[in-house]
Amino acid sequence: MSIFSTKKSWINLTIWVLIIAFIIAAPSLLPVFRLNLLGRYLSLAIVALGVDLIWGFTGMLSLGQGIFFALGGYCAAMFLQLNTAGEFPNGIPEFFGLYGVEKLPFFWEPFKSSIFTLISIWLLPAIIAGLLGYLVFRNRIKGVYFSILTQAALLVFFNFFNGQQKLINGTNGLKTDVTQLFGQMVGSEIMQRWFFWISAILVILAWFFARWIVRDRFGNVLIGIRDDEARVRFTGYNPVIFKTIIFSIAGGLAGISGALYTVQSGIVSPQFMTVPFSIEMVIWVAVGGRGTLLGAILGAVLINYAKSLVSEALPASWMFIQGGLFILVVTALPEGVLGWIRKDGLKKLLFLIGINKKLETYPSLEVNEQGEVKS
Amino acid sequence: MTSPLLELKQISVSFEGFLALRDLNLVLNQGDLRAVIGPNGAGKTTFLDVITGKVLPTKGDVIFKEKSLLGQKEFRIARKGIGRKFQSPRIFENLSVQENLALSVSRPKTPFSLLINSLKVKHLDQIQHLMSIVNLQSKANISAGALSHGQKQWLEIAMLVGQDPDLLLVDEPVAGLTDEETDLTADLLKSLAGDHTVLVIDHDMEFIRRLDCPVSVLHQGHVLKEGSMSDIQKDPLVIEVYLGKTDEEEQ
């Protein structure tokens with residue numbers, strides 16, 4: 001029963017046409033280096049969609065999405081390493097030799113299978129997010145405590161992964177650039193073009209999926225949980241289940257995102273689980289527009305693209321710009337850029353500068369019963 | 001005689017030594033309309049918290065449809081047929097009136113069913129009916145946060161009815177309403193009684209009188225007196241604790 005104003009769908013349509021036109025044109029317009037960057041940022045848009053589902057819609061600010069992002073990345077990277085490992089001694093990835101490991105740790109065995117890997121990329125993070133979420137939500141931990149807890153979990157994972165040289169190459173992480181897939185080098189231009197297309201298609205699919213989740217009553221329950229959880233409970237819904245499901249979905253999306261990001265950046269390492277990176281994910285959504293799925297995508301892609309352009313020109317200044325952007329959004333555009341546009345922000349700005357003239361009273365009063373504008 | 005719908009037996013609630021309720025007994029039969037009044041701090045809201053599972057009583061038992069409700073989760077109690085309206089209107093402000101009601105009438109209330117099934121025609125009709133009862137048809141697509149205070153109160157009552165509960169617990173439904181709205185609310189609650197059992201908590205004497213139903217007076221956590229409004233108002237004990245002594249008496 002979601003009610004769409006025609007204006008909102010018009011804005012959405014315009015943005016979608018632009019996005020799709022750009023995606024189609026990008027491979028021929030951009031040099032492969034830029035295309036690769038764009039592909040990475042499109043994959044980051046998928047994790048942003050998840051952040052938007054749990055934060056924008058359900059009101060739970062998770063600062064630990066890096067955990068699930070990195071897990072997806074590790075799954076993909078280990079599959080690629082194992083896929084290439086035939087050339088190495090003992091038939092296992094090279095780095096194991098450095099630590100004297102001669103046999104593949106048992107839990108990596110199934111990752112020799114491509115189907116298992118494709119499933120575990122999203123299912124493993126989703127299960128871990130679900131378990132973690134269920135324990136947290138069942139004990140009615142929310143608000144700031146939830147944020148702190150997710151950040152603490154992130155640090156636990158970060159430190160654990162850093163310390164496990166024998167299992168996952170510790171701090172160094174797993175490289176994917178020089179691995180093979182379908183007889184091609186993963187870091188090669190042709191593969192990177194493919195990964196760009198896969199990222200672009202998966203972003204769109206992820207958007208449809210997220211849209212399907214929030215468009216009707218399920219999404220309304222999520223918004224209800226954000227606005228008044230007690231009311232949801234007294235209306236007969238169990239918020240714990242809803243929160244667990246949505247947190248798990250966000251975890252799964254983060255996993256897919258992490259896998260795509262890994263193959264395009266050439267490495268996965270515990271750096272994916274640093275605190276600033278997980279906070280950046282939240283900033284993309286805040287700037288794009290929390291509670292608007294399209295805003296999450298735009299925020300992730302545009303901020304990251306701006307980041308790479310600014311960093312190339314003025315290496316030291318990006319952090320200041322990002323901080324300033326965040327402050328600007330929090331103070332002036334609390335609903336993010338897309339939320340601002342949807343709420344007639346442009347029109348209001350024109351009033352401020354004095355280009356448009358304000359109506360004298362409420363629009364409904366200026367129109368008589370026949371729908372004519374009163375003189 | 002059939003057994004009562006709701007029975008509170010010797011309920012005591014203690015918050016760190018302070019007894020919010022002590023040995024409270026109350027019986028409601030199917031179709032009853034009952035008003036509960038009492039001065040601030042008499043335990044009126046705590047008493048609703050106990051029924052709806054928000055607060056676990058230190059002692060005593062709550063029997064609903066012959067089964068104990070103690071220790072059950074709030075959402076399960078809600079599904080068993082107890083609806084609660086809060087003191088200040090609590091609705092989903094960012095959802096439209098229609099969406100608010102849709103959440104209330106949906107069955108079953110499981111995540112999977114909400115994702116897969118669309119709302120049944122029966123439920124769509126029910127939403128229209130509920131909106132007509134509380135005069136909100138014209139606001140169907142307006143977000144609930146934009147409603148006036150009185151309309152929010154009514155929307156919450158409509159959401160309550162949409163849950164199709166056997167027992168409606170209504171906490172101060174006329175706080176902040178105009179006289180006219182108060183009268184309409186009283187009529188609305190009276191019309192709901194019979195099909196449902198309704199328990200109303202309020203301060204507003206005019207409103208309670210208009211409900212024209214048995215009244216329980218709560219004082220310091222237990223029921224001081226039960227009876228009709230006119231009986232209650234004559235009772236010297238009630239006058240003393242609740243209505244206060246008149247100036248002459250104090251002198």
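**Reading the two chains**

Reply: Let us begin with the place where the chains touch; please note that this is a predicted model. In it, 20 residues of chain A are in contact with 26 residues of chain B.

Me: Which helices of chain A each supply at least two residues of the side that touches chain B?

Reply: They are α9 (217-227), α10 (229-234) and α11 (239-265) of chain A. The largest share of that side, seven residues, comes from α9(A).

Me: Let us turn to single residues. Is A:Phe69 buried or exposed?

Reply: A residue counts as buried if 20 or more other C-beta atoms lie within 10 Å of its own. A:Phe69 has 32 other C-beta atoms within 10 Å, and it is therefore buried. Its place is in helix α3 (residues 65-84) of chain A.

Me: Which residues is A:Phe69 in contact with, leaving aside its neighbours within four places in sequence?

Reply: With those neighbours set aside, A:Phe69 is in contact with A:Val47, A:Ala254, A:Ser257, A:Gly258 and A:Phe272. Separation in sequence and distance in space should be read side by side. A:Phe69 and A:Gly255 are 186 residues apart in sequence, yet their C-alpha atoms are 4.6 Å apart in space.

Me: Which residues have the most contacts inside the largest nonpolar core?

Reply: They are A:Ala45, A:Ala48 and A:Leu49, in a core of 167 residues. Helix α2 (residues 32-57) of chain A gives the most to this core, namely 16 residues. Apart from its neighbours within four places in sequence, A:Ala45 is in contact with A:Val203, A:Ala296, A:Ile297, A:Ala300 and A:Val301.

Me: How many helices and strands does chain B have?

Reply: Chain B has 11 helices and 10 strands. The radius of gyration of chain B is 19 Å, close to the 18 Å that the globule rule gives for 251 residues, so chain B is as compact as a globular protein of that length. The C-alpha trace of chain B spans about 65 × 40 × 40 Å along its principal axes.

Me: What percentage of the residues in chain B is buried?

Reply: Of the 251 residues in chain B, 43% are buried. As for its contacts with a separation of 6 or more, 66% are between residues 24 or more positions apart.

Methods
Residues are numbered from 1 along each chain as its sequence is written. Chains are lettered from A and ligands numbered from 1 in the order in which they are written. This is a predicted model: local features need pLDDT of at least 70, side-chain atom pairs count only at pLDDT 80 or more; totals for chains, interfaces and linings use all residues. Two residues are in contact if their C-beta atoms, placed from the backbone, lie within 7 Å. Helices (H or I, at least four residues) and strands (E, at least two) are DSSP runs, numbered from the N terminus. A residue is buried if 20 or more other C-beta atoms lie within 10 Å of its own, exposed if 12 or fewer, and partly exposed in between; C-beta atoms are placed from the backbone. A nonpolar core is a set of buried Ala, Val, Leu, Ile, Met, Phe, Trp, Tyr and Cys residues joined through C-beta atoms within 7 Å. The radius of gyration is taken over C-alpha atoms; the globule rule is 2.2 Å times the number of residues to the power 0.38.
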